[in-house]
Amino acid sequence: TMSDITDDTGFKKALQGLDYTDQRQLAARFVENVMSLATDDRIAHVVAVAGTPDAGDAALTEALHSARAATLACHTRCGSEGDWKEQAGYFVARAATAAVTPEGRQAGGPAWQAAMSARMAQTARSIDSDEDCAGQERLSQYRMLSDFLNSR
């Protein structure tokens, strides 16, 4: 059956129907979609590991440590300036962290948490733009999930 995701209720429900590996791969796609907002070089490696279906425990653990270190570094750089680029980078790092967090450790699962952080990154970007970047991101995520479900 063709799946067409059109709202957050359907989005969340469809994500919850996926196993951890599928969720991790989708989370990687959500992070990839906001990679241009990343401000830490470690994020690309984390996303590559997250997107590998048969990534081993050691690789995932290493990627999680790397993602957490990047998140902390970004958070520190945000400082009190409230620089939207650093804030967006911080949320991209959080999305990457969500993508490699072990199963059962976060509400809604890795794909949901990565999706929410990716939207927050776009919300930060919107501060300096007239566009509704977060709304566009949400619609992109619906498309990515629909495509993923329809490709099975």
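1. Gln136 is partly exposed, at a relative accessible area of 41%; on this scale buried means under 20%, exposed over 50% and partly exposed in between, with a 1.4 Å probe and protein chains only. Gln136 belongs to helix H7, where helices (H or I, at least four residues) and strands (E, at least two) are DSSP runs numbered from the N terminus. Gln136 and Gln122 are 14 residues apart along the chain, and their C-alpha atoms are separated by 8.7 Å.

2. On the basis of the values: this is a predicted model, in which local features need pLDDT of at least 70 and side-chain atom pairs count only at pLDDT 80 or more, while totals for chains, interfaces and linings use all residues. Residues are numbered from 1 along each chain as its sequence is written, and side-chain values use heavy atoms, with hydrogens and water left out.

3. The largest nonpolar core holds 46 residues; such a core is a set of buried Ala, Val, Leu, Ile, Met, Phe, Trp, Tyr and Cys residues joined through side-chain atoms within 4.5 Å. The members that touch the most others are Phe11, Leu15, Leu26, Val31, Ile43, Val100 and Leu145. Two or more residues each come from H1 (8-16), H2 (20-32), H3 (42-50), H4 (57-78), H5 (84-99), H6 (109-126) and H7 (133-150). H5 gives the largest share, nine residues.

4. Leaving aside residues up to four places away in sequence, Phe11 touches Ile5, Phe30, Trp112, Ala115, Arg119, Gln141, Tyr142 and Leu145, contact being heavy atoms within 4.5 Å.

5. H1 and H6 pack with axes 9 Å apart, at an angle of about 140 degrees. Axes are lines fitted to C-alpha atoms, for helices over the stretch in contact, and angles run from 0 to 180 degrees between N-to-C directions. H1 is therefore oblique to H6: angles under 35 degrees count as roughly parallel, over 145 as roughly antiparallel, 65 to 115 as roughly perpendicular and the rest as oblique. Asp8, Phe11, Lys12 and Leu15 of H1 meet Ala111, Trp112, Ala115 and Arg119 of H6.

6. The axes of H3 and H5 come within 9 Å and cross at roughly 30 degrees, so these two helices are roughly parallel to each other. On the H3 side the contact is made by Ile43, Val46 and Ala50, and on the H5 side by Val92, Ala93, Ala96 and Ala99.
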